[in-house]
Amino acid sequence: MSRLALAKKFWDRSSFLSIKNEEYRNIIIHFLDSKIKEDTKNQDTTTRLLIKKEKTARAVLRAKQDCIITGLEEVVFYLRQKKINVVSHTKDGEHVKNGSVILKIRGNAHTILAIERTILNVIQRMSGIATKTNELSKKAKDRCFIAGTRKTLLDYFDKKAVSVGGGLTHRLNLHDSILIKDNHLTLLGHDIKKAVQLAAKSPGNIEIEIKNETEALSAAAQLSKISNNGAIMFDNMPPITIQATIKRIKNETKKIILFEASGGINESNLAHYSRSGVDVISLGLLTHSVKACDFSLKIQ
C-alpha cells in the first residue's frame, strides 16, 4: 500500500458521513431540528400572521457565485423528512456557476419559510469550506493530502464539506483515534515513552504531537516498537526542519511512520510544507475562518 493510501486510511472518516449511515442520518435530523427550533422558538410569527397554514409554495435555490456545491445530501434528505418535494439539478462536489439552479422545492409554505435560513446557512458554509479545500488541495499538487481540524462550527457537516472538497476529515471526535497532544504530555511529565506505551494498550491508530526534532526522534523510536499504526504531527515547525527530521527518521526507523504538519500553515506557505515530505497538512483555516458561499432561496 502506498503512503498516500496509508495516509487516507489513517486520517479519513468520510465513509461515516453519508446518509447511508443511520447514525449520520440521525445526526442530520437532530442538528437541523435543533437549529430550526432555535430560530423559530416553535413559531414563525410573521408567517403565522400573514400566510394560511394550508398554503402550498414553490421555491428555487440558486447559486449566486461560482463554487463547489456541498450540503445537498444533508439538505435534500432533511427536506424530504419534512414532506417537502425536492428536485435536485446538481450534486455534491460539482462546480456550479453563478445563477445556476441548484434545487427546486414544493411543499407547505409555513415549513419552507421556517427552514429557509437554516438550510441556506448549511449549504453556504459547507460550499465555502469545500471550495477552499479544493483550492488548497490543488496547491499541494498531489504531494500530500489536505485535512481539516476539529476547529469547527457545524461539526460533522464541516468535516463532510472538507471531504467533498477533496480533503481528509482527520478525527471526527475524541473517540475515533488516539492523538497524544502537548497537554497530555504535560500531564505525563513530557514522558513520550510512557505516553506511547499507555496508548498502545488500545489497538487503534496512534498519533503524537511534537514540537522539535528531539521529540520527533523520541516519538519515532517508541512508535517503531509497537504494532499500532503510528504518525507524528509536527506542530508549528518550519518546513525545512520538518524535511530534515523526516529524512533522519526514515534513515533510522524501518517501520513506516506517517507524518503530519500542523500549526501556522496558510495559503502563502502551504506549498513549502507540501514539499517537506509530510503525508498530510491539517489547516484550521478550512473551518474556523472560511468565507461562506452565496445562495438564495426564492418563492416562485
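Predicted model: local features only at pLDDT ≥ 70, side-chain atom pairs only at ≥ 80, totals over all residues.

Me: What share of the contacts with a separation of 6 or more comes from residues 24 or more positions apart?

Reply: Here we count contacts in the protein with a separation of 6 or more. Residues 24 or more positions apart account for this share of them: 74%.

Me: Which element gives the largest share of the largest nonpolar core?

Reply: That core has 80 residues, and those touching the most other members are Leu103, Ile208, Ile232, Phe234, Ile281 and Phe295. The largest share is 11 residues, and it comes from H5.

Me: And how many residues are in the other core, the one apart from it?

Reply: Phe10, Phe145, Ala147 and Leu168 are among its members. This other core lies apart from the largest one, and its residue count is nine.

Me: Back to Ile232: which residues is it in contact with, leaving aside neighbours within four places in sequence?

Reply: Ile232 is one of the residues that touch the most other members of the largest core. With its sequence neighbours set aside, Ile232 is in contact with Glu207, Ile208, Ile210, Ala216, Ala219, Ala220, Leu223, Ile249, Ile257, Leu258, Phe259 and Glu260.

Me: Now the helices. H5 and H6: parallel, perpendicular or oblique to each other?

Reply: Two packed helices are described by the angle and the distance between their axes. For H5 (residues 109-140) and H6 (residues 156-164), the axes come within 7 Å and cross at roughly 40°. Roughly parallel would need an angle under 35 degrees, and roughly perpendicular one of 65 to 115. The two helices are therefore oblique.

Me: Which residues make that contact, and how do they divide into nonpolar, polar and charged?

Reply: The crossing of H5 and H6 is right-handed. H5 brings Val122, Arg125, Met126, Ile129, Ala130 and Thr133, while H6 brings Phe157, Asp158, Lys160, Ala161 and Val162. By class, the residues of this contact are seven nonpolar, one polar and three charged.

Me: What about H2 and H5: left-handed or right-handed crossing?

Reply: H2 covers residues 22-40, and its axis comes within 9 Å of the H5 axis, crossing at roughly 125°. As for the hand, H2 passes H5 in a crossing that is right-handed.

Me: How many nonpolar, polar and charged residues does the contact of H2 with H5 have?

Reply: On the H2 side are Leu32, Lys35, Ile36, Asp39 and Thr40, which meet Ala114, Ile115, Arg117, Thr118 and Val122 in H5. Sorted by class, the contact of H2 with H5 has five nonpolar, two polar and three charged residues.

Me: H2 also packs with H4. Which residues make the contact?

Reply: H2 and H4 (residues 72-81) pack at an angle of about 75°, with their axes 10 Å apart. Angles of 65 to 115 degrees count as roughly perpendicular, so that is how H2 and H4 lie to each other. The contact is made by Tyr24, Arg25, Ile28, Ile29, Leu32, Asp33 and Ile36 of H2 and by Glu74, Phe77, Tyr78 and Gln81 of H4.

Me: On to single residues. Asp235: buried or exposed?

Reply: Asp235 is found in strand E9 (residues 230-235). Setting aside residues up to four places away in sequence, Asp235 touches Glu209, Ile210, Lys211, Ser262 and Gly263. Its relative accessible area is 11%, and the cut-off is under 20%, so Asp235 counts as buried.

Me: Where is Asn236, and what is its phi?

Reply: Asn236 is found in the loop between E9 and helix H10 (239-252). At 53% relative accessibility, Asn236 counts as exposed. Although Asn236 is not a glycine, it has a positive phi, about 55°.

Me: How far apart in space are Lys139 and Lys255?

Reply: Lys139 lies in helix H5 and is partly exposed, with a relative accessible area of 31%. In sequence, Lys139 and Lys255 are 116 residues apart. C-alpha to C-alpha, the distance between them is 29 Å.

Methods. Residues numbered from 1 in each chain as written. Heavy atoms only, no water. Axes fitted to C-alpha atoms, helices over the stretch in contact; angles between N-to-C directions. Helix = DSSP H or I, 4+ residues; strand = E, 2+ residues; numbered from the N terminus. Parallel < 35°, antiparallel > 145°, perpendicular 65-115°, else oblique. Left-handed = near helix turned anticlockwise from the far one by under 90°. Contact = heavy atoms within 4.5 Å. Nonpolar A, V, L, I, M, F, W, Y, C, P; charged D, E, K, R; others polar. Core = buried A, V, L, I, M, F, W, Y, C linked by side-chain atoms within 4.5 Å. Buried < 20%, exposed > 50% of the residue type's maximum accessible area, 1.4 Å probe, protein only.
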